[in-house]
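This briefing goes through a protein structure topic by topic. Keep the sequence and the 3D view at hand while reading.

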Number of protein chains: 2
Amino acid sequence: MKKNATFDIPEGQYYLCGHSLGPASKQAVASLQQGLQGWQQDKVKGWSTQFWLDLPEKLGKALAPLLGAHSDEEIVADSTSVNLLKCLLTALTINHNRKIILTENDNFPADRYIAHSLSAIDENITLKSVTAPELVDALDDSVAVLMLTHVNYRNASQHDMAMLTQKAHALGVIVVWDLSHSVGAMPLHCSLLGVDFAVGCTYKYVNGGPGSPGFIYVARKHHNQTPVIKGWMGHISPFAFAQVYQKAAGIKAYLTGTPSILSLKALEGALAVFRDVDLEQLREKSMVLSQQLIDNIDSCVPQLTLVSSRDPRARGSHVAYSHPFADKIVTDLIANGVIVDYRAPDLIRFGIAPLYIDGHDIEKAVQILVKSMC
Amino acid sequence: MKKNATFDIPEGQYYLCGHSLGPASKQAVASLQQGLQGWQQDKVKGWSTQFWLDLPEKLGKALAPLLGAHSDEEIVADSTSVNLLKCLLTALTINHNRKIILTENDNFPADRYIAHSLSAIDENITLKSVTAPELVDALDDSVAVLMLTHVNYRNASQHDMAMLTQKAHALGVIVVWDLSHSVGAMPLHCSLLGVDFAVGCTYKYVNGGPGSPGFIYVARKHHNQTPVIKGWMGHISPFAFAQVYQKAAGIKAYLTGTPSILSLKALEGALAVFRDVDLEQLREKSMVLSQQLIDNIDSCVPQLTLVSSRDPRARGSHVAYSHPFADKIVTDLIANGVIVDYRAPDLIRFGIAPLYIDGHDIEKAVQILVKSMC
């Protein structure tokens, strides 16, 4: 094992896949074990002795600095897709005279499918899809919601969140950002920018574990709005078992069913790691390491074609290359300890997560890549 | 520790709370640890080496005998509330000329709140709520969906699922059953009865852990219907990342986002326990133990008023009593090792789960109850 007190990455493994699934921190493992022990020992009493029902809000508060949001604007619950559904339904209620959800062609397909669900609910609602450069011109006062993923899952291209949010707001358009590929990898400024809604996953750069719960951010200005999806845990008093729904104050209203405690416990530990992390420094380090990777591949493996931007501010925290035999290259790299991933038809993605990788990993990864290309 | 190789219940504890949260079986603990190890060691490769993405369907198949359903009619995913939302939206699409959801006044409030969500989505959709005895007369051909919880969370009263399903179908009404308080406690016959949709939780009698994922059952006859909520994991080919949604075949179409693997792993072990369980015998034993409890309380603690039916076939697997000082009695019982629960304003619930309790537990529980009433 090497290098840091937080993650156990075996010697000889170079884990460049944090854009897909982050590794287990010692804190995440310990917290999960504590959750398990709570269930084993306290059983049903765990709901009170272990404060399990506080976890969605507590983890929301822990996540707030990562989103650049007030600590009462986010909770951890459900999956990104279900949270996106909640946001879109409520956003379309707020902007009830408009029926268009605007997105870009390359938005993550899962988000597009959820938007399609809205059309199945109300045939007047349509998903309008344009290329990224066409977005600004496509924004007009017929658009109800601008739904975008901040960092593209394929080429890592990053939208200008500030500019697009501002343009949208000037036209009365509500913005919903999917931050799955951003959170935990760079500073974000949801509250400052007045972002209306945001969602995302916690299993990539936040290292919450496979399929760890999603989060939902709702700006304070929308907290008076009753969510369309009315969940038991979002009731003002769930254990009054009232027949009629009355929303909880604030972000809690966006809870649905009973939260998945074991998954939340792992995530609690994962988020604890970020208490000592300066996101500006983390991002800076990610850009330096990404540049090192790009420089080394430029000079040693020119057969690969960079599909991510060369401008670090236009990229998220992974770097993507194309090659006709990308799948074979990725298989070789993984077999030799360089954990990257492949996206059909021809993409290799290198995830740069400085919480557990450094310049040595980049150097070794490129050395192994060079060998495998011979 | 006592009695059985499956559950560690400490000596001196009488766990009569399986109707709320089941205890951890050794299999559930081992399976969760295996899942954690898979994440720690394999990281992103776990998706293929550990077959994580197969879990929702695999656990659905393990759950099928508990539901009395074909093995391709259920998956484990999301929470009961989110699954109910999926069912209602799709059921209302199938019966698109009708706009009434019929339920009973005492249905679990969470389910009522989800039905209210439908009215927020489409103001023509209304929740019609009657008393349980009025249900049959309230069924007519204006009703789109009959939405009921099989076993009542308070008094354990059990609906006649066969009769109500048949009456509903005769009038073209789709049935959606919430089986949260039934599954794992008694034989069910979803497929035989032609039940259209069912949902439920797995943290009560199935012992999946606090907030373990819910399940959704959709009868084969509805598998051609495209679900209204279109999730990434319900796409025919999620990793093709196609812009347009195309539903997966069968029950998989009801998946949404990335499944919560750690929670699913605990549940996998919990469900393994049921491989050796005869549900008819389990139910028989539960009825015998419930009768023992009722007889003992009748003779020793007449101050408590039985609110559950005296007919075992009209009850689920818990027995409820009322008393003006129910909260104090429950606090005393718990302090003395008898784990039961309290529901405001005056209910004490005794959960009878023969997987880990027997006649000795009942005897001791009543002895301790007698003492605490002195």
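B:Asn107 sits in the loop that connects β3 (100-104) and α5 (109-121) of chain B. The model shown here is a predicted one.

- Is B:Asn107 buried or exposed? B:Asn107 counts as buried because its relative accessibility is 2%, and the cut-off for buried is under 20%.
- The side chain of B:Asn107 makes a polar contact, at 2.9 Å, with the side chain of B:Thr103.
- Setting aside residues up to four places away in sequence, B:Asn107 touches B:Arg112, B:Met147, B:Leu148 and B:Thr149.

**A loop residue: B:Phe274**

- B:Phe274 is found in the loop between α9 (261-272) and α10 (279-300) of chain B.
- With a relative accessible area of 6%, B:Phe274 is buried.
- If neighbours within four places in sequence are left out, the contacts of B:Phe274 are B:Leu66, B:Gly184, B:Tyr205, B:Val206, B:Asn207, B:Leu279 and B:Leu355.
- Between B:Phe274 and B:Pro65 there are 209 residues of separation in sequence, while their C-alpha atoms are 9.0 Å apart in space.

**Helix α9 of chain B**

- α9(B) is made of twelve residues. From its first C-alpha to its last it reaches 16 Å, close to the 16 Å expected at 1.5 Å a residue.
- How many of the twelve residues of α9(B) are buried? Twelve of the twelve are, so α9(B) is largely enclosed by the rest of the structure.
- The buried residues of α9(B) include B:Lys265 and B:Glu268, as well as B:Leu262, B:Leu264 and B:Leu267.
- Both chains supply what these buried residues pack against: α1 and α9 from chain A, and α1 (26-42), α2 (46-49), α3 (55-67) and β2 (74-76) from chain B.

**Helix α3 of chain A**

- Helix α3 of chain A covers residues 55-67, which is 13 residues. It reaches 18 Å from first C-alpha to last, close to the 18 Å expected at 1.5 Å a residue.
- Where does α3(A) bend? The bend, of about 30°, is at A:Lys61, and the proline A:Pro65 follows within four residues.
- The buried residues of α3(A) are A:Leu55, A:Pro56, A:Leu59, A:Gly60, A:Leu63, A:Ala64, A:Leu66 and A:Leu67.
- An α-helix has 3.6 residues a turn, so residues three or four places apart point the same way.
- Among the elements of chain A that cover the buried residues of α3(A) are β2 (74-76), α8 (190-193), β8 (215-218), α9 (261-272) and α10 (279-300).
- After α3(A) comes A:Gly68, which has a positive phi, near 60°.

**Where chain A meets chain B**

- The contact takes 71 residues from chain A and 71 residues from chain B.
- Together the two chains bury about 6,000 Å², and 68% of this is on carbon and sulfur atoms.
- On the chain A side, A:Trp39, A:Lys43 and A:Tyr113 lose the most area to chain B, together 14% of what that side buries.
- Across this interface the rule finds zero salt bridges, but it does find 26 residue pairs in polar contact.
- On the side of chain A that touches chain B, the elements giving two or more residues are α1 (26-42), α4 (80-94), α5 (109-121) and α9.
- Which element gives the most to that side? α5(A) does, with nine residues.

Terms used
Residues are numbered from 1 along each chain as its sequence is written. Chains are lettered from A and ligands numbered from 1 in the order in which they are written. This is a predicted model: local features need pLDDT of at least 70, side-chain atom pairs count only at pLDDT 80 or more; totals for chains, interfaces and linings use all residues. Side-chain values use heavy atoms; hydrogens and water are left out. The expected span of a helix is 1.5 Å times one less than its number of residues. The bend at a residue is the angle between axes fitted to the seven residues ending there and the seven starting there. Buried means under 20% relative accessible area, exposed over 50%, partly exposed in between (1.4 Å probe, protein chains only). Contact means heavy atoms within 4.5 Å. Buried area is the accessible area (1.4 Å probe) that two parts lose on being put together, summed over both. A salt bridge is a side-chain nitrogen of Lys or Arg within 4 Å of a carboxyl oxygen of Asp or Glu. A polar contact is a pair of N or O atoms within 3.5 Å; within protein, one must be able to donate a hydrogen and the other to accept it, and residues adjacent in sequence count only if both atoms are side-chain atoms.
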